[in-house]
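Below is a short note for a colleague who is meeting this structure for the first time. The points are numbered and can be read in order.

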Amino acid sequence: MEEDIQNKQAYLRENVLEKGYDADEFMEYLQEKKGENGLDLNTWTMKELTKAVSDFINNKDKENEQEEEINTNMNKIEEVDE
């Protein structure tokens, strides 16, 4: 059981923290998925956890793309105004 938790922690460290994603946002995401027990890694199977990480990253990447698109469009508007 302890080894299982260590594997999950290592997976999260490698795929969330080391890739620069916000740990607090990810913890909120886990709580959205599993409620108040969302932060207890014992309530997650490894398969569920990898799916949650994948979904979180996909959502964050989409948000970032939308922000970049908005910034690009704002820059174009500013160029036209000048």
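1. Helices here are DSSP runs of H or I with at least four residues, numbered from the N terminus. The model is predicted, with local features needing pLDDT of at least 70 and side-chain atom pairs counting only at pLDDT 80 or more, while totals for chains, interfaces and linings use all residues. Residues are numbered from 1 along each chain as its sequence is written, and side-chain values use heavy atoms, leaving out hydrogens and water.

2. Helix H1, residues 2-17, has 16 residues and reaches 21 Å from its first C-alpha to its last, close to the 22 Å expected at 1.5 Å a residue, that span being 1.5 Å times one less than the number of residues.

3. Ile5, Lys8, Leu12, Asn15 and Val16 are the buried residues of H1, where buried means under 20% relative accessible area and exposed over 50%, with a 1.4 Å probe and protein chains only. Seen down the axis of H1, these residues fall within an arc of 115°, so they line one face of the helix; the arc is taken over the directions from the helix axis to the C-beta atoms. The face turned away from this buried side carries the exposed residues Glu2 and Glu3.

4. The largest nonpolar core has 14 residues, a core being a set of buried Ala, Val, Leu, Ile, Met, Phe, Trp, Tyr and Cys residues joined through side-chain atoms within 4.5 Å. Leu12, Val16, Phe26, Leu30, Leu49, Val53 and Phe56 touch the most other members. H1, H2 and helix H3 (46-81) each give two or more residues to this core, and H3 gives the most, with 5 residues.
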